[in-house]
Amino acid sequence: MTTLGPLSVRLPSRRATRRRSWARLAVFPAWGLVLPAAALSAIGLLLVWSATRNDPGSTLLQRQALSVGIGFALLWAVSRIDLRMLRAYVPVLYLLGLAGLIAVLTPLGRTVNGSHAWIVLGDGLQFQPSEFAKAATVLALATALGEPRDGERRPGAGAVLLALGLAALPVGLIALQPDYGTALVFLVLTTGTIVVSGAPKRWFAAFAAAGAAGVLLVWRLDLIRPYQLQRLMVLADPDADPMGMGYNATQARIAIGSGGLLGKGLFHGEQTAGHFVPEQHTDFIFTVAGEELGFVGAACVILLMLALLWRGLWIAAKSPTPFGTAVAGGVVCWLAFQTFVNIGMTMGLLPVAGLPLPFVSYGGSATISSLAAVGLLAAVNRRTRTPA
Amino acid sequence: MRRTVHRGRLTLVFVVVTALMLTLLGRLWYLQIVTGPSYARAATETRVRSVVLPPVRGRILDVRGRPLVANETKPQVSVDYMALIHQPDGGKDVLTRLARALGRPYQEIADRARLCAADVPRPCWPGSPYQPIVVTDDVSVRTALWIAERQDEFPGVSTALRPVRTYPLGSAAAHVLGYLQPPSPDDPEGGPELIGRDGLEAQYDRELAGRTGIRQVAVDSTGTVTGLIREEAAVAGDTLVTSIDARIQEVAERALTRAVTAARKRGEPADSGAAVVLEAKTGRVTAIADYPTYDPSVWTGGISQRDYEGLPLVSAAVQGQWPPGSTWKVTSTAAAAKAGYPLRGSYDCPGGYTIGGRVFHNFESAALGRMDMHRALVVSCDTIFYRFADRMWRRDGGLKPVEHPKDPMQKMAREFGFGTPTGIDLPHEASGRVPDRAWKKANWERTKADSCRRAKTGYPEMSDRKRAAYLKALATDNCRSGGVWWAGDAANFSIGQGDVLVTPLQLARGYAALANGGTVFSPRIGKQLVGPDGTVVRTITPPVVGKIDASRKTLRFIRDALAEVPRTGTAAGAFKGYSFKRLPVAGKTGTAEAYGRQDTSWFASFGPVKKPKYVVVVVVSQGGTGGTTAAPAAREIWEGIAALTHDGEKKHDTKKHTKESGKGTRAASLSPVAFSKAGGAR
């Protein structure tokens, strides 16, 4: 049995002692999760407000506030669910998620901002099934991997193959949209869940090999689109085409870089006010944080996310069941990867990929599903503190 | 509790997640703290648009305040090259619509909107692609407004009311005034404004241009202006007051054109010509006429290739060089007098004078008997000067020259200002040539290889056999002994033939020195620079660059001799019936020969004889003898001057002169800075 790293042992355990005294007063069972999520959502609302303040008649702020409200209601509701009962419904949730992804590919689906990832239900009411599929897939994977047979501590070959099969369906459907960014989130989330579940190491070697083969296949079969290649080129040299593909990357870096240490102040971002960065209220929301709140504010966003992720890992470590550990680990990998890709993209570390920043970016589906995912963490946490 | 959690795996995820977030923090630190300032600058650049406010360019006035170059506000239609090429069809659609709106063919508009390159003929845009390209300034206000109101239909097209250069006197003094062109893309200081490329526009470009203003506005990503950041008004350029008298200028141009036309009627080619009028005592330029000339308004609004190719851009007066012919005898006489030949002495004027076995003839080989130098100048006897030159050449050692030859004639010619540019306030001036032993040797060494090759091969490509044979003989001669300054060279020099070259302006300045008692000026056209508020910024005075080392008596003697020429001498025919009482004129004809070409016709003159005020020099290239072509034109100019002076100019002039000098001292005492600037600038 490997031992927990010294850093991770000390940090969560110190918090744990503090937590216990607070927990009796709490209405929510997991303040360590909810506080960072609430702070990030609040910052997100302010930034969406700032990014859209000059657009007359914009209702984006109100809509995002509504999404956050729904998200927190869902968070609370999910956190109340008993995990054992939830497990019983996982197949239903998973099939619903797949149904949504299939529906996108039927005439029900719509293309919004170049991504055929939407289902429009009516005037102004639209959602992105892939966002909800993330949570459903995490649960499905955890179900497959979190039930080691008696006497086994690790998921067997059958469980891992089942998990890979369960993951392959949504990944394939999303790749058909095509939305390779989101597909990549699914791949990372799957890998994370399998890693956390304790599957034997040889599976990762196989997994890595399959991944490499996949990349090679995509490359050789010319599945990669010219615009995607361009995005990669722009990453290598953002100044190569400052008015074309490099425009987003360049303008985003200018906005963030010009913020300096303390920023220009909320609602005082000139690049933001001038709408120099496209999609600044959605995928590029972090540029608003960088410009208006400066290094101090933008670092706060990253640190809040880190706090939430650490808390999630602590919950995973404390979970009495392999299922809980797998759920928590999967959610953490999902949020961590999406955060890294989003912020990394705005700062020119990664190619431009259309992934929202969890809790912060404008977007109903993403906000609600991210908060629901926090609800899952809270549900795992509840099991931790009410021993069976 | 059974340990189901694989802690090692969670530690791995913990490390990876933490590392990812720390990477983001590090990148954030780098972007905002390390390189933040440069991004802040970049942010300002993308957010701030600078709108250049063009200053109104200063006018150019004549001596009486009549505008030679003025401004007129006209609507201009410009296109933004960068905006056009970023359109999917390269702007073709917009330009088609624009051409239709302007009522012009598409090709014309498209041609003007393209960038000049080595293989792109005019019309094209010689300026930077980042500045608006003026496609036309010949557009009605109505059409301009119509286009301005439809910005969505004409992306990248802008309209503005802009001052445009106008030339109230048409083609008058076109070469002197010069023209404007957009700055070339590689000009580091090139702004969006046109800059002077020739003439006074180029010479006084900095003063005329004024200071460009700037308005910085905040814009959003669509380019919509959201606020004003900084505004600095443009400062209009200075007005240049010149010493040109528009009326005399017109008289000179008319006379020159008439002379050329008349010469052509007589069968002469008369391919070009010039007339220069200087103030003898001050070195100021009163008129400079060039033939052929052009209408400077062709420059406004871009110029077509056909127009550009046909433009006679070279000023004959300042850039044209010809042998001066007998007008040169003025310097030779002064040189002879200084070398000890008495002016009143008696010299024989035979029909020919033999030098080195070759006979040098008088004009039409006439033998005129014995005479003094006065008569020699009046009848333009060559042989007397041949003898002077021959003797001087021998005194300097002949073919085996002494170490420091005296070269009295070359020395005197240089004192008259020949052989060096006059330094007039115009660009591209030619320097003329005063040949001597050293020059001939250097020239021979430069051309020896080619001459010797030609001496062998001849000129088989030439169809004119006679000319080819002559050139071959010349090449043989040059190859063998082209570096030797023969006595014949000296003889040719003495009468302004052979390798001597002068510009009309140089000759005018030399005659001004003769007329004013020996002061050689660097002529100036500009007289004053007046700021936009009316104050005199700078007064320009023609600087004295030399003094002729000849006695006052000698110069007066020559002047008196030249006074005879229009009355009884070589120009008597041209000046028949001229009212010498009204404005007595002295002058000298010149007929310079060149092999294979018609003679260059010269007349250099000054007047009034006793108190010379003006110098008039006329040249017509391939125009025949000085007396038949150039002298009548000079007479016409003198008559014009006389008429204008008579019509009150005389009185006005004296008054003006006192007023002017008063003004000058006042400016000097009030504004020492401006004065010292004026002194130091040139």
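User: How many residues does the hairpin that joins E22(B) to E23(B) pass through?
Analyst: This is a predicted model, in which local features need pLDDT of at least 70, side-chain atom pairs count only at pLDDT 80 or more, and totals for chains, interfaces and linings use all residues. Residues are numbered from 1 along each chain as its sequence is written, while chains are lettered from A and ligands numbered from 1 in the order in which they are written. Helices (H or I, at least four residues) and strands (E, at least two) are DSSP runs, numbered from the N terminus. The hairpin between E22(B) and E23(B) goes through six residues.

User: Over how many bridges do E22 and E23 of chain B pair?
Analyst: Two strands pair if DSSP finds at least two bridges between them. E22 covers residues 597-607 and E23 covers residues 614-621 of chain B. Their pairing is antiparallel, and the number of bridges is seven.

User: Which strands are the edge strands of the five-stranded open sheet of chain B?
Analyst: The order of this antiparallel sheet is E12-E11-E23-E22-E21. Within it, E11(B) and E23(B) pair over eight bridges. An edge strand pairs on one side only, which holds for E12 (285-291) and E21 (586-594) of chain B.

User: Why is E23(B) largely enclosed by the rest of the structure?
Analyst: A residue is buried if 20 or more other C-beta atoms lie within 10 Å of its own, exposed if 12 or fewer, and partly exposed in between, with C-beta atoms placed from the backbone. On one face of E23(B), B:Tyr614, B:Val616, B:Val618 and B:Val620 are buried, and on the other B:Val615, B:Val617, B:Val619 and B:Ser621 are. E23(B) is largely enclosed because its buried residues number eight of the eight.

User: At about what angle does H20 of chain B run to E23(B)?
Analyst: Angles run from 0 to 180 degrees between N-to-C directions, and axes are lines fitted to C-alpha atoms, for helices over the stretch in contact. H20 (residues 504-516) of chain B lies across E11 (272-279), E22 and E23. Its angle to E23(B) is about 150°.

User: How far apart are the axes of H4 and H5 of chain A?
Analyst: Two packed helices are described by the angle between their axes and the distance between the axes. H4 (residues 83-105) and H5 (residues 129-145) of chain A pack at an angle of about 145°. The axes of H4(A) and H5(A) are separated by 8 Å.

User: Which helix gives the largest share of the side of chain B that touches chain A?
Analyst: Residues are in contact if their C-beta atoms, placed from the backbone, lie within 7 Å. On this basis, 37 residues of chain B meet 51 residues of chain A. Two elements of chain B, H1 (7-34) and H2 (36-47), each give two or more residues to this side. The largest share, 20 residues, belongs to H1(B).

User: What percentage of the residues of chain B count as buried?
Analyst: Chain B contains 23 helices and 23 strands. Of its contacts between residues at least 6 apart in sequence, 71% join residues at least 24 apart. Of the 682 residues of chain B, the buried share is 46%.

Key: Contact = placed C-beta atoms within 7 Å.
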